[in-house]
Number of protein chains: 2
Amino acid sequence: MDLAHHLDKDDLEGLDGALSSLTAPQIAAHLLRLPRGQRAVAFRILPKDVALAVFEWFDSDSAAELLVGLREEHTRELFEGLDPDDRVRLVDELPAAVVIRLLRDLDPHERDMTEAVLGYPRESAGRRMTPEVASVSVDTTVAAALEHLRAVGAEAETIYMVPVLGPGRRLVGVVSLRGLLVASDSQRVGDIASSPIAVLAEADQEEAARLIRAHGMIGLPVVDREDRLVGVITVDDAMRILAEEEAEDAARSAGTFPVRRHYLSTPLVDRVKSRIVWLLVLIAAATLTVNVLDYFEETLSEVVALALFVPLLIGTGGNAGSQTVTTVVRALSTDEVRFADLWRILGRELLTGLGLGVVLGLVGFIPAWFVAGPGIAAVLAISLVAVCTLATTVGAAVPLIASRLGVDPAVVSAPFITTIVDATGLVVYFLVARAVLGI
Amino acid sequence: MDLAHHLDKDDLEGLDGALSSLTAPQIAAHLLRLPRGQRAVAFRILPKDVALAVFEWFDSDSAAELLVGLREEHTRELFEGLDPDDRVRLVDELPAAVVIRLLRDLDPHERDMTEAVLGYPRESAGRRMTPEVASVSVDTTVAAALEHLRAVGAEAETIYMVPVLGPGRRLVGVVSLRGLLVASDSQRVGDIASSPIAVLAEADQEEAARLIRAHGMIGLPVVDREDRLVGVITVDDAMRILAEEEAEDAARSAGTFPVRRHYLSTPLVDRVKSRIVWLLVLIAAATLTVNVLDYFEETLSEVVALALFVPLLIGTGGNAGSQTVTTVVRALSTDEVRFADLWRILGRELLTGLGLGVVLGLVGFIPAWFVAGPGIAAVLAISLVAVCTLATTVGAAVPLIASRLGVDPAVVSAPFITTIVDATGLVVYFLVARAVLGI
């Protein structure tokens, strides 16, 4: 199925046919692969309800771009049709002037809901929740609750997890639609509700998403500081949040800023910008290795063969360090470990590094002997043991300390550790060389 | 809350109190942090229903370990209480003799269901589905369907996504419980059902989980080759699958084998084993750099100062390469790009690398001049441009080619690219040096 093909030939009927056989996320994926100009053309010929469904699958940047490019009435229609939480994600990316106009044109109820969500900080649970919640009172009967859910079921984002409210809209429990269905009609909702797991509106969106995953929930009530229900985050939002956070972590671990756009539509300048900052930081850190080598230049010019193993040695140290960083960052992010486990973890990683270093040193000794003689082979083997132990220990310590200082451990990326290990590894190498070779 | 504290003092009442204030996943997390011996002690004093709920949150390795360590009747009870899909995950980790005994003791219905799931290959959708599905016939009325769901609601894993079946249990549609609730009682289910999105039982579990995420589904029907319904994968299973796959990808991207155990309970031997293989592969690949340096040893001994910038240069190339690999692997895994986009992507990455190299070369030139004079500074600057361009292009090509060859692109990890780029980068560096410095 090639949308671009139909567009090139101005074959709108063929295009229409091609689109009608696809689901909304599939159409969104296809549209995002098109050049921007063609995207708006293809979008405009979608039937209204399809257009809305497809639009919800756009990343926020591309959605904002498209919205600005459409005719005004089309823009307004689309904006009105969105759920409050999707609307808000978009607002963050649109020019302020456009936002003000669009909000003004909303009907008062929709505007109130949108503004309520907009009141919470970016990346907070409140920002990602939907305020359109179907809730029931603690004193209702099961029959009345079911009746109510049937009435509002078409509007609310979810009716499978139903918050149970006491006086003053305070959250006192939750009941699942399944629980209501299997209960007898005359029971009081309060008697079958379970105690609620909820999240503060100001909490981090990732915390909310992790709670949903950890407890296998369909929806998570969001409350204010007085325990009043303000909204719900649903499991599909949680999956999206986790996917976004995963993408961010993956980008950071490779030393780039996350780009939220579709790969094929990110302009060159953005591509370079997302990567250059970390490369500059890393190259600045790498000048340490220049200093170390400069300091040992005499040793080096006396035994030039030492230079042969520099990339291999620091490469191995870097790899061992990356392995540890990734493992520890992951254990931190899944709450398997915390800062209090520092010494236990350092002990474990030190032993692991020692184990790895001994194996690598033994394996590397004989080939190195053939290339550069027994002296340098011994220097290499000893250095491998030292560098691996150093790399795993540093690789464990830095993310743990970062987490303690309130810095996201994922920012302390593998490349960063690698560069630190490079410089110290070189010092170790030359000190070992001086000692073993007597220079 | 410190479980180990209560256990050390043999304070079972305090322990009981501490446990009762926690949710199942929280208790599981605490138990997994305990040494193995203590874990069984703490587990045994949990009330039966709590024990079962907690047990479902154990990783399969630890669950199997615990099960083998408990008394026989306790083991049997626990095994019987599990859902068929959880039971199967456990079976994969238990010794065969234990499995045979446990399956023999199950009641026939439970055993049949478990064996049905066990019939599908590991990591397939069929292996992760639950066969306990609440489904309705296409010709039922809405009222009858709701009545049926009320009756089976307590047993089935989900009743929010209801498969609609035609003759011969063939899947002809799905209807949501919400859809049933808001419809009028006399409507025919077939008239309100939507066409089903389903997955083959033999399909990869990750494919199923991605479908659920992409479409924001509560559950996904699993069918056999004749389109007959065999089970359902629910959204909470999808979240678990995605978390597992994410952990695997993160491990691979750092060149380690995934360890599915809790970090603090992985023995030293397993820690070393999960990391040593890739380190050996990488160190073998790194001997290329030794060869290159050996080949250019004469150039090097003539201008020892060239050695000063070797770690900085190859480090930068490696970092630029990692950034690209991570970006492209991600774009592949989210289906933003595919092999057919090869040339488009190579063009983009080549330009990006060129851009990055030019900035880094300009920034590095002056400091390098101070350290090593204008000649070597020029060599460095030119090499940075070449190495960055090379690194981004190779970093894009290798995962794309891997995906074409049916190899998981995540296996072509950043460290692997780094090592390739190291060797070729050194060749470039010395060739540039020879040309510029006339040696």
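Which side chain does B:R330 meet in a salt bridge? That is the starting point for these close-ups, which all come from a predicted model.

**View 1. B:R330 reaches A:E246 on the other chain.** The partner is A:E246, and the two side chains meet in a salt bridge at 4.0 Å, N to O. B:R330 sits in helix α19 (residues 310-333) of chain B, while A:E246 belongs to helix α16 (residues 235-253) of chain A, so this pair joins two chains. How covered are the two ends? B:R330 comes out as partly exposed, at 23% relative accessibility. A:E246 has 18%, which puts it under the 20% cut-off, so it counts as buried. For context, a search through the whole structure turns up 28 salt bridges over all chains.

**View 2. The contact between chain B and chain A.** Here 106 residues of chain B meet 107 residues of chain A. Between them the two chains bury about 9400 Å², with 65% of that on carbon and sulfur atoms. Which three residues supply more of the area that chain B buries against chain A than any other three? They are B:R150, B:R178 and B:Y263, and together they account for 9% of it. One of this trio, B:R150, also takes part in a salt bridge, its side chain meeting that of A:D185 at 3.1 Å, N to O. The count of salt bridges between chain B and chain A is 8. Looking at polar contacts instead, 41 residue pairs turn up across the interface, both residues being at pLDDT 80 or more. Helix α17 (residues 268-295) of chain B gives the most to the side of chain B that touches chain A, namely 16 residues. Sorted by class, that side of chain B has 62 nonpolar, 24 polar and 20 charged residues.

**View 3. Salt bridges inside chain B, plus a network in chain A.** Start with B:R104 and B:D105, whose closest N and O atoms are 3.8 Å apart in a salt bridge. B:R104 is exposed at 55% relative accessibility, whereas B:D105 is partly exposed at 27%. B:E244 lies in helix α16 (residues 235-253) of chain B and B:R128 in helix α11 (residues 125-128) of chain B, so the pair ties together parts that are 116 residues apart in sequence. B:E244 is partly exposed at 29%, but B:R128 is buried at 9%. Over in chain A, salt bridges with shared partners link A:R76, A:R104 and A:D105 into one network.

**View 4. Strand β5 of chain B and its two partners.** How many of the residues in strand β5 (residues 219-223) of chain B are buried? The count is 5 of its 5. B:G219, B:P221 and B:V223 point one way from the strand, and B:L220 and B:V222 point the other way. In general, side chains of a regular strand alternate between the two faces of the sheet. Strand β4 (residues 199-200) of chain B pairs with β5(B) in the parallel sense over 2 bridges, and B:L200 stands opposite B:V223. With strand β6 (residues 229-234) of chain B, β5(B) runs antiparallel, joined by 5 bridges. B:V223 turns up here too, with B:L229 as its bridge partner in β6(B). The hairpin of β5(B) and β6(B) has 5 residues between the strands, and B:D227 takes a positive phi near 70 degrees in it.

**View 5. The open sheet β4-β5-β6 of chain A.** This sheet has 3 strands, and their pairing is mixed. β4 (199-200) and β6 (229-234) of chain A stand at the edges with a single partner strand each, so one side of each lacks a neighbour in the sheet. Strand β5 (residues 219-223) of chain A runs antiparallel to β6(A) over 5 bridges, and A:V223 has A:L229 as its bridge partner there.

View 6. Leaving aside neighbours within four places in sequence, B:E206 is in contact with B:I241 and B:E245. The C-alpha atoms of A:S184 and A:F416 are separated by 61 Å, the two residues being 232 apart along the chain.

Technical notes. Residues are numbered from 1 along each chain as its sequence is written. Chains are lettered from A and ligands numbered from 1 in the order in which they are written. Side-chain values use heavy atoms; hydrogens and water are left out. Helices (H or I, at least four residues) and strands (E, at least two) are DSSP runs, numbered from the N terminus. Buried means under 20% relative accessible area, exposed over 50%, partly exposed in between (1.4 Å probe, protein chains only). Two strands pair if DSSP finds at least two bridges between them. Contact means heavy atoms within 4.5 Å. Buried area is the accessible area (1.4 Å probe) that two parts lose on being put together, summed over both. A polar contact is a pair of N or O atoms within 3.5 Å; within protein, one must be able to donate a hydrogen and the other to accept it, and residues adjacent in sequence count only if both atoms are side-chain atoms. Ala, Val, Leu, Ile, Met, Phe, Trp, Tyr, Cys and Pro count as nonpolar, Asp, Glu, Lys and Arg as charged, and the others, Gly among them, as polar.
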